Amino acid sequence: MLTSFTNPPKSEWSQLLARPSLNFNELKDKVDAILRAVRINGDRALVTYNSQFDGYTDATLAVTTQEIIQSAERVDHQLKEAIQGAIRNVRTFHQSQWHQEDEVETMPGVRCSRRWTAIDRVGLYIPGGSAPLFSTVIMLGVPAQIAGVKEVILCTPPNSKGEIHPAILYSASQLGIQKIYKTGGAQAIAAMAYGTETVEKCDKIFGPGNQYVACAKALVSMEGVGIDMLAGPSEVAVIADQNANPYFVAADLLSQAEHGPDSQVMLFTTDDGFAKKVATAIEELLEELPRKEIAQKALRNSKAFYFEHTDELVEMVNQYACEHLIINTINAREWSERITNAGSIFLGPYSPESVGDYASGTNHTLPTNGFARYTAGVSVDSFIKKITIQELSSEGIRQVGPWVECMAEAEGLHAHKLAVRVRLNTLL
């Protein structure tokens, strides 16, 4: 089930760690046609694509207040409590990220600062279908709320009856999100990027989706619309030693494999023979999964690595730069201090990746495809702009002005020099 490798040489690492490729070239023309249609025809195009892709033929796009209220009646009490508890934890963790920075005097009379201000309007894309990700409403809605975003738009695909999964509507209502629209796929991204008669144009778009959604986000980002990140298939890596429970590890690998056939799971171990124990556990646990076939396909992209030396194992894990990293070892925190590239880290035997997906408090919108080498997941920062401010007194311009004149002249920008000189002349 997992192809195993022992002490693979570094020359082979890049090939062994390759992800299932995202080939936007094959999709670009199709997605571009959808974007163009929505830009030109607005709501009419959304209705056409709703009918084509989701079987929903009604022209009504906006979710009504009554539908939102009724959704609460269709969510059982236990799930409501879980959603409310997750919102509390996510809010507690993200609230600590919000702060205004102190003003700094870089030299006498020169004061500089940064002011945090929220993005005016953001769009959230929430996948529906076989896995309606109402948890993503929480992960995006909470930090947007903390940041103080003025307006939050949510798009999600309906079923053929025009219904939205009630947990999505309930989660949105708990966060005060009222502008919810029945449209999905690339057309939803287009609606939020350009605006239609019904859907408001957004400054930045957040949320995961299939390859068409990812391609649409990539294309609109080249037209000046902000996006959170280009998200590829979900992925997890597990570091395990001889103390790890193979069933825990197997369950962690399967929790990502069930996302989709293009997901990838990796096992890194210091225990020769541990991969076989995990493979056996996977075979047993697979039989319990309704999404068994999806998980099996994902496991074909997955590998297990045994390293005799921990330094090489850590180096390979850092090169992989995975979205989720579980460290299931006896000294997990010490291991984690050696990790420089990962979207989110889960320490110890009782920290499955799924707690981060739902309710521990951290955000589950994370960099995939190795992007953790240079970027982080969604946070309050993702919903704000940091505006720099500077104020100089007469003393300040006297002090820094000559430097600016000298540098501007060296670059051949004489009007820059002039802007300083006319001020200094008044202070002679």
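1. Welcome to this predicted model. Glu 200 counts as buried because its relative accessible area is 17%, under the 20% cut-off.

2. Through shared partners, salt bridges join Lys 179 and Glu 200 with Arg 121 and Glu 151 in one network. The whole structure has 18 salt bridges.

3. Strand S6 (residues 179-182) also holds Lys 182, whose partner Glu 67 sits in helix H4 (residues 65-73), 115 residues apart. Lys 182 is buried at 5% relative accessible area, while Glu 67 is partly exposed at 23%.

4. Do look at Lys 10 and Glu 315 too, a salt bridge of 3.0 Å, N to O. Lys 10 is in the loop between strand S1 (3-6) and helix H1 (13-16) and Glu 315 is in helix H13 (residues 310-320), so the bridge ties together parts 305 residues apart in sequence.

5. Finally, a helix pair. Helices H2 (residues 25-41) and H9 (residues 211-221) pack at about 70 degrees, their axes 9 Å apart, which means H2 is roughly perpendicular to H9. The contact includes Leu 27 and Val 31 of H2 and Tyr 212 and Leu 219 of H9. By class, it has eight nonpolar, one polar and three charged residues.

Definitions and conventions: Residues are numbered from 1 along each chain as its sequence is written. This is a predicted model: local features need pLDDT of at least 70, side-chain atom pairs count only at pLDDT 80 or more; totals for chains, interfaces and linings use all residues. Side-chain values use heavy atoms; hydrogens and water are left out. Axes are lines fitted to C-alpha atoms, for helices over the stretch in contact, and angles run from 0 to 180 degrees between N-to-C directions. Helices (H or I, at least four residues) and strands (E, at least two) are DSSP runs, numbered from the N terminus. Angles under 35 degrees count as roughly parallel, over 145 as roughly antiparallel, 65 to 115 as roughly perpendicular and the rest as oblique. Contact means heavy atoms within 4.5 Å. Ala, Val, Leu, Ile, Met, Phe, Trp, Tyr, Cys and Pro count as nonpolar, Asp, Glu, Lys and Arg as charged, and the others, Gly among them, as polar. A salt bridge is a side-chain nitrogen of Lys or Arg within 4 Å of a carboxyl oxygen of Asp or Glu. Buried means under 20% relative accessible area, exposed over 50%, partly exposed in between (1.4 Å probe, protein chains only).
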